[in-house]
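Hello,

Here is the structure I said I would pass on. My notes on it follow below.

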Amino acid sequence: MQRVLFHSTIFGPIHSRRLGTSLGINLMPNDGKVCTFDCLYCEAGFNAQGPGTTGLPTRAQVATDLEAKLAEMHAAGQQLDVITFSGNGEPTLHPDFNGIIDDTIALRDRYYPEARVSVLSNATRLDRPDVVSALGRVDNNILKLDSAIADTVALIDRPTSPAYDVNRVIAQLSEFGANCIVQTMLLRGTYDGHTIDNTTTAEIDALIDAYRTIRPAEVMLYSIDRQTPARQLVKVPSEELEAIADRIRQAGIKVVTA
């Protein structure tokens, strides 16, 4: 079984194909995975590997570790484009997520005021006012929508809550409007006897309707880049990805691909 990618709270900096030079923050355990999705393509592996033993880092630990790394990078004259919340699961699950965002913005302002604070979220916690407030304060509020069709979301993203409703999530995303970026993974393949393909005409039509409802600042369209826990998934070729992006652009929606 593919295991977690990140074994520390602060990791990098790394080069992000979408965001530039990025210093990562992992608010989940360093030896396990905790997420409200169990995506077939997740680079951190399936949730079945368990939550590990280290637990979540405290708010104070995150701030201490982040400041130490930022001070080190600043003293060395290193470039930093973005501080990115990602890691071994869904960052908004952390009970102190709101306060951690405040601490991160303050430290960013002290050491790298030109850097942007980004959060990669699967948008499953938008029913919580504290999470919505925190996401509204970051520079890049990047929220996932891999399909606007419920059956496809169930196949690809596999929400852990039976109450998940993609139409409700689209409505919640629309509350952010231009204060969010929608991130969509396109892929094909098979898993457990099911055909996986969110690039069909019906899928893209449904996504375009959803994007029109949400009115995001932009859509990030991308495909598989690394090994996935479900091994029979296929990357969408870059030429086809661009063709799909052009179709979405024709609907008046800004799209970037990676």
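**Surface and overall size**

The protein exposes about 11,200 Å², and carbon and sulfur atoms supply 49% of that area. Please keep in mind that this is a predicted model. Of the 258 residues, 53% are buried. The C-alpha trace spans about 50 × 40 × 35 Å along its principal axes. The radius of gyration is 18 Å, which agrees with the value near 18 Å that a compact globule of 258 residues would have. Taking contacts between residues at least 6 apart in sequence, 73% join residues at least 24 apart.

**Sheet and helices**

The secondary structure comes to 7 helices and 11 strands. Eight of the strands form an open sheet with mixed pairing, in the order β1-β2-β3-β4-β5-β6-β9-β11. Its edge strands, each pairing on one side only, are β1 (10-16) and β11 (255-257). On average, neighbouring strands in this sheet are turned by 25° against each other, direction ignored.

- Helix α2 (residues 97-111) touches β2, β3 and β4 (116-121), and its direction makes about 155° with that of β4.
- Helix α7 (residues 238-249) touches β9 (218-222) and β11, and its direction makes about 170° with that of β11.

**Nonpolar cores**

In soluble globular proteins, nonpolar side chains tend to be buried together. Which residues have the most contacts inside the largest nonpolar core? They are Leu70, Leu145, Tyr211, Leu221 and Ile248, in a core of 74 residues. Helix α6 (residues 201-214) gives the largest share of this core, 7 residues.

What does Tyr211 touch, leaving aside residues up to four places away in sequence? Its contacts are Leu145, Val182, Thr184, Pro216, Val219, Leu221, Ile248 and Ile253. Leu145, Leu221 and Ile248 are also among the residues with the most contacts inside the core.

There is also a second, separate core of 5 residues, including Leu19, Val82, Ile142 and Met220.

Regards

Key: Residues are numbered from 1 along each chain as its sequence is written. This is a predicted model: local features need pLDDT of at least 70, side-chain atom pairs count only at pLDDT 80 or more; totals for chains, interfaces and linings use all residues. Side-chain values use heavy atoms; hydrogens and water are left out. Two strands pair if DSSP finds at least two bridges between them. Helices (H or I, at least four residues) and strands (E, at least two) are DSSP runs, numbered from the N terminus. Axes are lines fitted to C-alpha atoms, for helices over the stretch in contact, and angles run from 0 to 180 degrees between N-to-C directions. Contact means heavy atoms within 4.5 Å. The radius of gyration is taken over C-alpha atoms; the globule rule is 2.2 Å times the number of residues to the power 0.38. Buried means under 20% relative accessible area, exposed over 50%, partly exposed in between (1.4 Å probe, protein chains only). Accessible areas come from the Shrake-Rupley method with a 1.4 Å probe; for residues, only the protein chains shown count as cover. A nonpolar core is a set of buried Ala, Val, Leu, Ile, Met, Phe, Trp, Tyr and Cys residues joined through side-chain atoms within 4.5 Å.
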